[in-house]
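Hi there,

Here is the structure I promised to pass on. My notes follow below it, with the cut-offs spelled out along the way.

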Amino acid sequence: MMSKDASSSTVNTVRRLWRLRHKYEYFHNWLFSVYHRVLMRFPRLPLPGRQSILRVWLKGISEPFYVRLGTTDWYVLEEIFFDVVYDPLIKHAGVEVRQIIDLGANTGFSTRLWQSNFPEARIIAVEPDKANMQMCLRNLSGQREYSRPQLVQACVAGVARCVSMDLSGGSWRFSMIEADPTQEELIEARTLPQIMAECGMQGKIDLVKCNIEGAEEEVFAHCDEWIGQVRRLAVQVHYPYTSARLLDDLKRAGASLKLYHSMDCEAGSKLLFLEQNG
């Protein structure tokens with residue numbers, strides 16, 4: 001028998017899904033969003049369409065998004081464009097945004113958001129997973145009205161080295177771990193200054209978004225060299241790293257970034273928004 005809490009959660013999910021139907025350009029896209037929940041709820045059932053790549057149109061956006069059915073892609077799409085989690089950053093950024101770095105670009109949805117809001121900006125999008133990077137290419141290649149972001153397949157780290165990926169958390173929670181010799185393929189981890197130098201980006205970074213599933217602890221422990229160039233920062237902190245420790249690391253590095261907004265996210269993580277004083 002379903003518990004009261006489980007029943008309430010199911011009802012809330014159904015209500016949310018019904019409200020969201022108006023966000024889609026086509027009704028069949030909304031139906032697939034419902035079917036996606038079924039696939040996620042029953043991951044071992046041999047249901048058709050799992051991992052299929054769909055084109056999804058949202059109202060008010062001319063180019064489609066590409067989503068892998070039955071993966072966390074759909075949750076990321078909804079989080080960014082329906083829950084508008086990055087609105088505090090966009091509203092504070094104003095119009096003078098020239099350079100953006102997207103750390104943990106995943107399937108390219110957040111990069112699409114930066115393109116639409118800051119069409120003149122130069123963007124570097126960093127994503128370590130090969131399959132996610134292929135989705136990035138799909139989601140960004142059709143944006144003809146915007147300049148093409150520079151895509152970098154790598155982990156971002158505080159210390160450059162080769163690392164492995166923990167793939168157990170789904171495509172939105174892949175995380176960096178120390179090199180595992182049993183894995184066939186190692187991933188290159190680079191520091192942010194290395195990535196900027198390779199891409200030819202210099203000067204102030206108007207916006208940095210960082211969602212790298214725990215690796216932020218290492219990155220911000222070694223940010224002295226570059227944090228002074230950052231004007232605005234959105235970083236998702238994951239346990240055991242905390243907001244307080246992030247702020248301590250920024251202060252120790254001499255950053256003038258101040259917290260102006262935060263929100264709770266999935267699995268106890270927290271999304272923090274900071275901007276430079278003055």
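I205 sits in the loop between α7 (192–199) and β10 (207–210); helices (H or I, at least four residues) and strands (E, at least two) are DSSP runs, numbered from the N terminus. Before going on, please note that this is a predicted model, in which local features need pLDDT of at least 70 and side-chain atom pairs count only at pLDDT 80 or more, while totals for chains, interfaces and linings use all residues. Residues are numbered from 1 along each chain as its sequence is written, and side-chain values use heavy atoms, with hydrogens and water left out.

I205 has a relative accessible area of 0%, so it is buried (under 20% relative accessible area; exposed is over 50%, partly exposed in between, with a 1.4 Å probe and protein chains only). Leaving aside neighbours within four places in sequence, I205 is in contact with Q99, I101, M196, Q229, V230, R231 and R232 (contact means heavy atoms within 4.5 Å).

Next, the helix packing. The axes of α3 and helix α5 (residues 109–117) come within 9 Å and cross at roughly 25 degrees; axes are lines fitted to C-alpha atoms, for helices over the stretch in contact, and angles run from 0 to 180 degrees between N-to-C directions. The two helices α3 and α5 are therefore roughly parallel (under 35 degrees; over 145 is roughly antiparallel, 65 to 115 roughly perpendicular and the rest oblique). On the α3 side, D73, V76, L77, I80 and F81 meet F109, S110, R112 and L113 of α5.

Helix α2 (residues 27–41) and helix α3 (residues 73–81) have axes that come within 10 Å and cross at roughly 125 degrees, so α2 and α3 are oblique to each other. Here N29, F32, S33, H36, R37 and M40 in α2 meet W74, Y75 and E78 in α3.

Last, the rings. The whole structure holds 9 aromatic pairs (Phe, Tyr and Trp rings, the six-membered one for Trp, with centres within 6.5 Å; planes under 30 degrees apart are stacked, over 60 edge-to-face and the rest tilted). F27 and W30 make a tilted pair, because their ring centres are 5.2 Å apart and their planes lie at 35 degrees. Both residues, F27 and W30, lie in helix α2, 3 residues apart. F65 and F81 are also tilted, at 4.9 Å centre to centre and 55 degrees between the planes. F65 belongs to strand β2 (residues 65–68) and F81 to helix α3, so this pair ties together parts 16 residues apart in sequence.

Best wishes
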